[in-house]
Amino acid sequence: MAKTILITGCSSGIGYDAAHGLHKAGWKVFATCRREEDCERLRGEGLTSFQLDMADPSSIEAGFNEALARGRGRLDAVYNNAAFACPGAVEDLPADALREVFETNLFGLHDLTTRAIKVMRAQGENGEGRIVQCSSVLGLIGIRWRGAYVASKFALEGLTDVLRREMRDTGIHIISLNPGPIPTKIRVNSIPHFERWVDWKASARREQYETSLLKRLYNPPNKPDTFELPCSAVTEKLIRALTDERPKSHYYVTNATYLAAVARRILPLRVQDWLFAKA
């Protein structure tokens with residue numbers, strides 16, 4: 001029987017590529033999306049797809065139960081990919097904006113993870129399965145304008161570290177995947193959240209918004225970002241995380257992520273502040 005994997009956030013980008021890549025590799029993929037129209041599109045492409053909204057506990061429960069039913073009670077892996085961003089200076093972010101980001105990027109992810117662990121504990125003599133959390137290079141370092149997203153990914157890194165250590169006495173592997181610059185729709189998808197929550201015109205940093213963030217948000221450059229790799233590069237590392245006999249705690253994607261990890265370990269904080277303030 002083919003191994004089963006539940007993937008969140010499959011409407012585009014990293015999740016979309018992962019769903020198709022694992023399907024081609026012989027996995028039974030449950031490719032979930034927040035909106036039914038996206039699920040319908042994926043079903044038309046030959047994938048098994050149904051709704052799972054990470055900001056809605058009832059949708060998480062229904063989507064997880066659907067995956068179990070389709071997998072005949074077994075779930076070999078979960079790839080928590082769904083996430084979104086709300087750009088803006090930290091001083092301009094209302095607390096409700098942070099709550100909204102954390103609801104999907106951390107709380108919903110945690111809900112799905114704990115449900116999966118309960119099922120995986122019953123598989124094999126000592127439990128069996130893999131849970132891969134899609135973190136980010138921004139789970140390793142913080143750069144300006146990304147405070148809400150960075151906070152959610154730093155929190156995810158900490159939660160994942162503790163969970164990984166707690167699960168060492170089981171056969172369930174907890175893994176962090178850290179992409180760097182990848183061409184996805186996260187920037188475009190963040191615009192409605194930015195417009196809803198950030199009153200940049202009234203900000204003390206209005207001029208900086210106009211000369212920096214707004215240009216990148218609404219008129220991104222036509223050339224790839226430095227160190228950018230395609231979504232397929234993430235899928236390649238995901239497959240390794242799912243199949244390596246002794247998986248690593250972290251799988252980095254793009255040179256930017258490797259450099260950030262090294263810089264965080266060896267550079268003094270004052271130098272990091274200077275360096276990453278330019279990012």
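Visitor: Which elements cover the buried residues of helix H9?
Guide: In this predicted model, helix H9 spans residues 255–266. Its buried residues are Ala256, Thr257, Ala260, Ala261 and Ala263. What covers them includes strand E6 (172–179), strand E7 (250–253) and helix H10 (269–276).

Visitor: Why do the buried residues of H9 lie on the same side?
Guide: Ala256, Thr257, Ala260, Ala261 and Ala263 are the buried residues of H9. They are on the same side of H9 because the arc they cover around the axis is only 165°.

Visitor: Which exposed residues does H9 carry on the face turned away from its buried side?
Guide: A residue counts as exposed when its relative accessible area is over 50%. On the face of H9 turned away from the buried side, the exposed residues are Arg265 and Ile266.

Visitor: What arc holds the buried residues of helix H2?
Guide: Helix H2 covers residues 36–44, and Asp38, Cys39 and Leu42 are buried there. Viewed down the axis of H2, these buried residues line one face of the helix, because they fall within an arc of 100°.

Visitor: Which elements do the buried residues of H2 pack against?
Guide: The residues concerned are Asp38, Cys39 and Leu42, while Glu40 and Gly44, on the other side of H2, are exposed. The buried residues pack against helix H1 (13–24), strand E2 (28–33) and strand E3 (48–51).

Visitor: Which residue with a positive phi follows H2?
Guide: Helix H2 comprises residues 36–44. The residue that follows with a positive phi, near 95°, is Gly46.

Note on methods: Residues are numbered from 1 along each chain as its sequence is written. This is a predicted model: local features need pLDDT of at least 70, side-chain atom pairs count only at pLDDT 80 or more; totals for chains, interfaces and linings use all residues. Side-chain values use heavy atoms; hydrogens and water are left out. Helices (H or I, at least four residues) and strands (E, at least two) are DSSP runs, numbered from the N terminus. The expected span of a helix is 1.5 Å times one less than its number of residues. Buried means under 20% relative accessible area, exposed over 50%, partly exposed in between (1.4 Å probe, protein chains only). The arc is that of the directions from the helix axis to the C-beta atoms. Contact means heavy atoms within 4.5 Å.
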